[in-house]
Amino acid sequence: MAAAETSAARRDTVPRLLTFNAEHYADKPAYREKEFGIWQSWSWAEAKNEINKLATGLLTMGLKPGDHVALLGRNRPYFYWAMIAAQTNGAVPVPVYQDSVADEIAYVLAHCSARYIFAEDQEQVDKILEIQDKLPELKAVIYLDEGGMRKYDRSQLHSYSDVQAAGENASQKQKADLARREAEQTGADTCAMLYTSGTTGQPKGVVLSNDNIIKTAEASSDFDKLNVNDSVLAYLPMAWVGDFIFSMGQAMWTGFCVCCPESTETMQHDLREIGPSYFFAPPRYFEGVLTNVMIRMEDAGKFKQSLFHYFMDHAQKVGGNILDGHAVSASDKLKYGLGRLLVYGPLLNTLGLSKVRVGYTAGEAIGPEIFSFYRSLGINLKQLYGQTEASVFITQQPDGQVRSDTVGVPSPGVEIKISDSGEVFYRSPGTFVEYYKNPKSTKETKDKQGWVATGDAGFMEKDTGHLRIIDRAKDVGKMKDGRLFAPKYVENKLKFYPTILEAVVFGADRDMCTAFINIDLQAVGNWAERNNIAYSSYQELAGNPDVYKMVQKHINEINRDVAADEMLSGCQIHRFLILHKELDADDGELTRTRKVRRRVIQDKFKELIDALYGGKSEIFTKTQVTYEDGTSGSISATLRIEDAVISSAQETAA
Amino acid sequence: MSKQTALLDSRDSYVTADGRTIGPAVMEMQNIILRFGGVVAIQDISFDIREGEIRAIIGPNGAGKSSMLNVINGFYHPQEGNVIYKGEVRKPLKPYEIAHQGIARTFQNIALFKGMSTLDNIMTGRLTHMKTGMLAQALWWGKAQKEEVENRAFVERIVDFLEIQSIRKVPVGRLPYGLQKRVELGRALAAQPSLLLLDEPMAGMNVEEKEDMSRFILDVNEEFGTTIALIEHDMSVVMDLADRVVVMDYGRKIGDGTPDEVRSNQAVIDAYLGVSHD
C-alpha cells in the first residue's frame, strides 16, 4: 500500500510524468516531427534531456516560479518541450492561437503578463514586436527559426538553441535550484492556462491544475485503453484544450508518441505517412474529407465508381453493426471482408486512417450520413462533449454505444445535472480552478459545490443515459409568438449538406425565421464545373441563380424536416440570402475555432437582416474585410433574397 | 554618358544602412555593344555589379533588358566592349562553361520541366555539383549514392527555405504560376550561384505572391549573401528591393544609382512618363 502511494505520488505533476516515462519507456518514441522531408524521432530519454537543458536555460535567464510563459507557433516537439520546461520551473505555460492577428494576441499576452514568449519564426516575432509596448513585463522572446531576422535587435531576442546551451553551461547551484523547484510542486499547482476562444466577449484564461489534467488524462486513457504503443498526430492548435489533453495530458500519462506534421499544408500527407492509432478531428474535417472523396469518385472511371458504390452501400448496411459487435450473417461478413480488400482498406489507407483504433469528433454536431460513412468503413469514430473548463471530457461514447445524435454518457468521474431551464451542469475532477484575474466570471460559472454551467441546453435520454445537446442555452430563445427558437439546431441541419459551409439563422423575438448562407466553394465549384457554369470568384458563384435554386431546395427539405418536430416547427426558414463573402475569423465573424459569433454578425450585417424582414427582393451592400496580413479593404455586392417553402406539421404527417 | 552617381572605387566595399556589407565589383560591363544584324540591342553600356548587392535593371519594353541579362550570364557575347567577371575579361563561352561559371538564373517565361516533380526540378540545379558518372548514378552505387544523398539534403534545405514542403512531389505543370516561379528560384538557388539573375521574378503575380517573392529575394540575399541582378517591370517592387538601379531605354543607359537618385532623374521620368514634343 505504502509503495503504491509513493509511486502514485510521483506521478502527480507533468515533470514527474516525464521522469517516469524516461525511466520506464526510455527507448520508446516520445515525439516525432517531419523536417527536411524525413521523420525525426526523439525517445522519452532524449526528450527528457532536451527538456532538461531548456528548463535549466530558462532558469539561468531568470524565469521564476509562477511566471507565465506564452507560446506562439504551430505544433512542434520544441513547443511541447518548452511547455514542460516551464512547468519544471514551476512557471505556467500559456499556448496562444498562432494565426491570430497582433491585436488579439496583445490582449492575451497582456492579460497574463507573459514574461517569456516562445515564438516559432519571424512572422510571430514581428507580431510580438508590433505590440511590445503593451507588454511591459516581457523579458525575453525565444525563437525557433532564425530566417529573416538577421537585422533584429538581439537584446530581448534569443534562439532556442542558445537557451539550451545556456542550460548546459549552468552552474551546479542553478541545476540544484531547478531540481528543488521541480520537487516543490504538487498536484494542486497550475499545469497550464488556456484561453477560451470567446464566443462572447474577450477570451478568459482558464487555469487548470496538474490534478485537473492528469486525473482527466488517466480516466480518459483508461476509458479507451490508450497505451504506450499508440500514436497521435498533433495538428490542431496548441492553444486549444483538446490538443493539450491529447498531446500533453494523455501522452504524458500513457507515454504514447506525439507526431507533428511538417507544415499545416502537409497535414493530410503526413497523416497518411504516420497512420496514427488515436485520432481527433472536428466534424468540419470529416466533412471536408468526405466531400473530397466523393468529388474524386465522380471523376473516376465507370467500373471504379460502380465498385465503390456497391461496396459502400453494403458497408452502410452492415459496417456499423460489425464495428459494434452485433450479429451479422456470415455471407454479409464475407462480402464486407471482400469490400475491405477492394475498397475500404485502400480508401482508409489513402485517408491515413488505416490504423485508427479510437477516433473522436467534437465541437459541433456531425451529420448522421458523415458519421455513419466513417463508421461503416470500420473506423471507431465516436463523439465526445467537453469544454476547456472541464479539461475537455464531460461525456463521451463508450464502444458499442455510438450514435450520431447523442454525445454519450458522463465520462468516468463526471457528474451531470440538468437545471430547470434546461442548461447542462457538470462536476468533475477536471473542473478548472478559476478564470485568471476574473473572480466575477469564475463565480458566475462555478458554484460553491463545484457545479459548472456549460452554457448549453440539453437533456438526458431516459432509457439510455446518453446526453443530447440542443443548442447554446443563451441562443435558445423565443419567437414573437412564444414558439421555441433554436438556431443552431437548424443551422447544423443545413450544414450537413456538403454545399453549405456555414449558416446563420435569425428569428429571436421575430414572427418568422430567416437565414444567411455561406456556400462551400470547393463543393459548389465542382458542381458548377460539371454543369458548365462559369464563375470567377466566390462572390459571383454565390450570386448565381442556379446556386440559389439548389440552396432553396435544401432549405425546403430542412423546413419539412423541422416541421415534423412540433416543438421546433417555428424554426422553419421563411427567407434567405447567400452571403457575398465567406464568414472569417479575421473579420471577427467566427471564433478561431470557427464557431459563429452571432452578435457580431447581427451588428455587422444589420441592413441585410432588415432587408430579409423588410420584404425586399434584393439589397446592395458594402462590407469591410480584413486580409491575413492585417490590412483591410471592402467588397460590395447586390444580394438577392429568396423565399422558401414552409411546411405544416400535417403535411409532413400526410 | 549619363551622370554617374558618386561611386566608390570598384575594389572598395561599404556597409549599407541596414547593416549588409557590399563588397567590391564581381562583374563589370565596359562599353558593351551588342548587335543582331543591323539592330543595335545594346549601345555602349557600362556598369558594375557589386558583391552582396541587389542590382536592378529596369526600362520600358524593348529597352534591351533581357539582352543585357543574357550578356551578363555569357549566353550572348557582345561585339564590342569587355565583360569582366571575377577580375578576368570573359571570352566567348560554350554552354557547359556558362553553366559552370557560378551564375544561375530564372526566366521570364518559366522554363521548368513540367512533367517532373518540384524535387526533381530543383535537383537538376545540383547537376553541376555532381561528379560521378552516368553508369554509377544509374546503378546508384558507392560514391554516386553518397553524392545523391548529400545533394538531396541540400535540396531539402531549399525546400524548407522556400516553404514548398507541400508540393515536393507534385509535377510542376500542375502548380499555380506563383508557385512555379518559386520552384524556378529554388532550382537556381540549388546551383549555389555566386551571382543570381532573375528575369522578371514578379511578372503576372498577384499582390500576395509578389510580397512572398520579395521576401524570398531579400532572404536569399541576406542569409546566403548571394549577389542578385534582377529585371523587373513593377517599379515599386524594384525601388523597395534594389540597392542600385540601372535604367535602360532603347538600348542605352539613361540612369544609374540608388532608387532615390533614379527616381528623381529627369531622363528616367521622361522615359517612363513620356515627354511632350512641342
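Which residue in E7(B) is the bridge partner of Ile84(B)? In this predicted model, the partner is Val89(B), and that pair is a handy place to begin a walk through chain B.

E7 covers residues 88–89 of chain B, and its antiparallel pairing with E6(B) runs over two bridges. The two strands form a hairpin with two residues between them. Have a look at the turn itself: Lys86(B) sits there with a positive phi of about 50 degrees.

Eleven residues of chain B are in contact with ten residues of chain A. On the chain B side, the elements that give two or more residues are helix H5 (143–161) and helix H7 (207–224). What does this side consist of by class? It has seven charged residues, three polar ones and one nonpolar one.

Now for chain A, and a sheet to start with. Three strands of chain A make an open, antiparallel sheet in the order E8-E9-E19. Its edge strands are E8 (190–195) and E19 (434–435), each of which pairs on one side only. E8(A) and E9(A), the latter spanning residues 205–209, are joined in the antiparallel sense by five bridges. Within this pairing, Leu194(A) has Val206(A) in E9(A) as its bridge partner.

Two loops of chain A carry residues with a positive phi. Lys225(A), in the loop between helix H9 (210–223) and strand E10 (231–233) of chain A, has a positive phi of about 50 degrees although it is not a glycine. Asn532(A) belongs to the loop between helix H18 (521–530) and helix H19 (538–542) of chain A, and its phi is near 55 degrees. Are these residues buried or exposed? Lys225(A) is exposed, because 11 other C-beta atoms lie within 10 Å and a residue with 12 or fewer counts as exposed. Asn532(A) counts as exposed as well, with 6 C-beta neighbours inside 10 Å.

Finally, consider how some helices of chain A pack. Helix H13 (residues 302–324) and helix H15 (residues 368–376) of chain A meet at an angle of about 70 degrees, their axes 8 Å apart. H13(A) is therefore roughly perpendicular to H15(A), and their crossing is left-handed. H13(A) contributes Ala315(A), Gln316(A), Gly319(A), Gly320(A) and Leu323(A) to the contact, while H15(A) contributes Ser372(A), Arg375(A) and Ser376(A). By class, that contact has five polar, two nonpolar and one charged residues.

Another pair to view is helix H3 (residues 44–60) and helix H8 (residues 172–184) of chain A, whose axes come within 10 Å and cross at roughly 110 degrees. H3(A) and H8(A) are therefore roughly perpendicular to each other. Here Ala55(A), Thr56(A), Leu59(A) and Thr60(A) of H3(A) meet Gln174(A), Lys175(A), Asp177(A) and Leu178(A) of H8(A). The residues of this contact divide into three nonpolar, three polar and two charged.

Notes
Residues numbered from 1 in each chain as written. Chains lettered and ligands numbered in written order. Predicted model: local features only at pLDDT ≥ 70, side-chain atom pairs only at ≥ 80, totals over all residues. Axes fitted to C-alpha atoms, helices over the stretch in contact; angles between N-to-C directions. Helix = DSSP H or I, 4+ residues; strand = E, 2+ residues; numbered from the N terminus. Parallel < 35°, antiparallel > 145°, perpendicular 65-115°, else oblique. Left-handed = near helix turned anticlockwise from the far one by under 90°. Contact = placed C-beta atoms within 7 Å. Nonpolar A, V, L, I, M, F, W, Y, C, P; charged D, E, K, R; others polar. Pairing = 2+ DSSP bridges. Buried ≥ 20, exposed ≤ 12 C-beta atoms within 10 Å, placed from the backbone.
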